[in-house]
Amino acid sequence: MVSESHPRDQLPEPPNSMDENERVGDGSGGGAGHPDDVDYYTFLNIPRNATPEEINNAYRRLTKCYHPDKHTNPSLKADAETLFNRITTAYKVLSDPHKRAIYDSLGLKGLETDGWQLVARTKTPQEIRNEYERLAREEEERKLLLRTSPKGSVTIHVNATDLFNKYSDNYLEEFEGSGGSIFPSIEISGMSVVQSIESPLTLRDTAVLGGDVSIKNGIGSGSVHFSVRRIVSPVGWFEVEVGAGNGPTLALNGYRSLTKRIYFNGGAVFQFDQDQLVPGLVGTLSMQLDTHTIGYMTYRHGIGKGLNTTIVRSTPYSYTALSLELALLKSYISLSYVHKMEERRLDLRGHVKLGTFGWVVEYGAEKRISEHTSVSAVVHVGTPSGVYLRVKLKRAYQTYTFPIWLSDEFLPAPVFYATVAPIVTWALFKNFVLDPINRERKQRDKEKQREANKLINEEKRREAKAAVELMKATFSRIRSEEEAKRGLVITKALYGRFIYSQDRRGSNTDETVGGQRDEVIDVTIPLQCLVKDSKLVLHNAAKSQLPGFYDPCIGEDKQLLLQYLFHMQTHECLIKDSEPLRIPKPSHRVNTT
């Protein structure tokens, strides 16, 4: 049969607000990133829009400090060769307009992608990005043949009405002699299983094989279907589906974008029932009303004839849907609302429906336990349906639903217990099962990350210490020059994670607060070597990429504490890891009176 997509499922994804620095990712050197990430701009201490002259000056300044010929000690000479090679690599990339355009657009992964030898060196950055996307599509197409997406759902209907609608005592007495039980009866009244496998054939063709089996009140049924969908253009697709269940079925579905704001989705289904052919048509016209609002108008003819109008508004904080259905057998008006609490990974849901069949009120919540797992509980109250509690668990591509029928009429007791029971159950499960598991998993993952990065970080620590040894001659020269002219003298510089006490001034790296220890390193020498003409400029990037620095606490928020003299006046400042810095500043002056 022709499938009707839920209006919420048809909403467009919000635009990607990621800025250019975030897109470069692999080369941004974020403080929380992998310790082996490299940011050539930060390593040379130049801005991302640095001119060729600034790149050359930075390269010359660093080579004066790290050139192997300037060091006679064998161990220092070997360390100098390592750092000099890294400086040269960064310089070669940033001084070559072609390589720099690739690096700026795609990061290190762009430079390492196979196929760049075919890209003309005269291409613009946008053309380079397009070329990278083409190579990525080819790689994705090769992976498609190895990938399938299984999806499934299991629904178990539970009849628990005997908990609140028990037979009278007189009625029970009549059956006590025949084995009647005084305990309430809870039974499984039905079950259904739906499963499908989606397999991309090419970048434009997708095949789906699925089926379902259900049984309710001792009566079973099932069906199987196979469909092939083809993207015929950037604005449309077409699908052919055949199936068998209560007779053979043939369905033709399609989608097309008519304008930038108007879309059409529709199809036809032909069901062969015994000696007759039952046709059906459905069409949905969608229109984007504004950034967050879209309207739908759906018409069905034949099977389930009716007209539906829906307006959906979705924002990062809420989802609202107003729907009006006009049909021969069942007409209604409904309002749905979802309040999104992203910081708590929680959605609060409410739904009201009024029609010729009666009325329905639903309320509940959905909690995302992890990236691929969520659990929800919804209370359904209405006439003539009664009271339901619907519990749903989603895990990756599988969904497990348990509709629990508590009462066939509207009674306060089942409504109360249907509301309170999920809250109490979740609180107990969260406090005694989920939270301990999460804490153990986070600690285990953190230990694994530290263990996996241990060798890399040890190497970076060794390289940073070697760089500091190589800087000492330059440090002494620059500091003497600055002291002679009463310029900028770095007296103390600490980088890492600080545990704050009431007075941090003059604290050392061994201070502990509340049993926790500072994780910081001394970077006085590397920062003094970056002083030029009594000024120090650091750009908006993670400081761990600077020569002589390393990350002392991977995955933690870091800061830079600076104490310095300028014109013989004491100054002090504390900045975040990626915050830019320009000193000296009058606002950093410490009042010693």
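I started at E342, which forms a salt bridge with R368, the closest N and O atoms being 3.4 Å apart. My cut-off for a salt bridge is a side-chain nitrogen of Lys or Arg within 4 Å of a carboxyl oxygen of Asp or Glu. E342 lies in the loop between strand 12 (332-341) and strand 13 (346-355), R368 in strand 14 (residues 358-368), so this pair ties together parts that are 26 residues apart in sequence. Helices (H or I, at least four residues) and strands (E, at least two) are DSSP runs here, numbered from the N terminus. E342 is partly exposed, with a relative accessible area of 46%. I call a residue buried under 20% relative accessible area, exposed over 50%, and partly exposed in between (1.4 Å probe, protein chains only).

Ground rules before going on. This is a predicted model, where local features need pLDDT of at least 70 and side-chain atom pairs count only at pLDDT 80 or more, while totals for chains, interfaces and linings use all residues. Residues are numbered from 1 along each chain as its sequence is written, and side-chain values use heavy atoms, with hydrogens and water left out.

I then looked up D69 and K77, whose side chains meet in a salt bridge at 4.0 Å, N to O. D69 counts as exposed at 62% relative accessibility, and K77 as partly exposed at 29%.

Next came R86 and E463, with a salt bridge at 2.9 Å, N to O. R86 lies in helix 4 (residues 74-95) and E463 in helix 9, so the pair ties together parts that are 377 residues apart in sequence. Is E463 buried or exposed? At 11% relative accessibility, E463 counts as buried, whereas R86 is partly exposed at 29%.

Aromatic pairs

For rings, I pair those of Phe, Tyr and Trp (its six-membered ring) if their centres lie within 6.5 Å; planes under 30 degrees apart count as stacked, over 60 as edge-to-face and the rest as tilted. That gave me 11 aromatic pairs.

I checked F164 and Y417: their ring centres are 6.0 Å apart and the planes sit at 35°, so I logged the pair as tilted. F164 is in the loop between strand 1 (149-159) and helix 8 (169-176) and Y417 is in helix 9 (residues 412-484), so the pair ties together parts that are 253 residues apart in sequence. F164 is partly exposed at 25% relative accessibility, and Y417 is partly exposed at 49%.

Y388 and W405 came next, with ring centres 6.1 Å apart and planes at 15°, so this pair is stacked. Y388 belongs to strand 16 (residues 386-395) and W405 to strand 17 (residues 398-407), so the pair ties together parts that are 17 residues apart in sequence. Y388 counts as partly exposed at 28% relative accessibility, and W405 is partly exposed with a relative accessible area of 26%.

I also noted a cluster in which ring pairs link Y40, Y41 and Y103.

Charges over rings

For a charge over a ring, I want NZ of Lys or CZ of Arg within 6 Å of the ring centre and within 35 degrees of the ring normal. R229 lies over the face of W237, at 3.8 Å from the ring centre. K330 has its charged end over the ring of F357, 6.0 Å from its centre.
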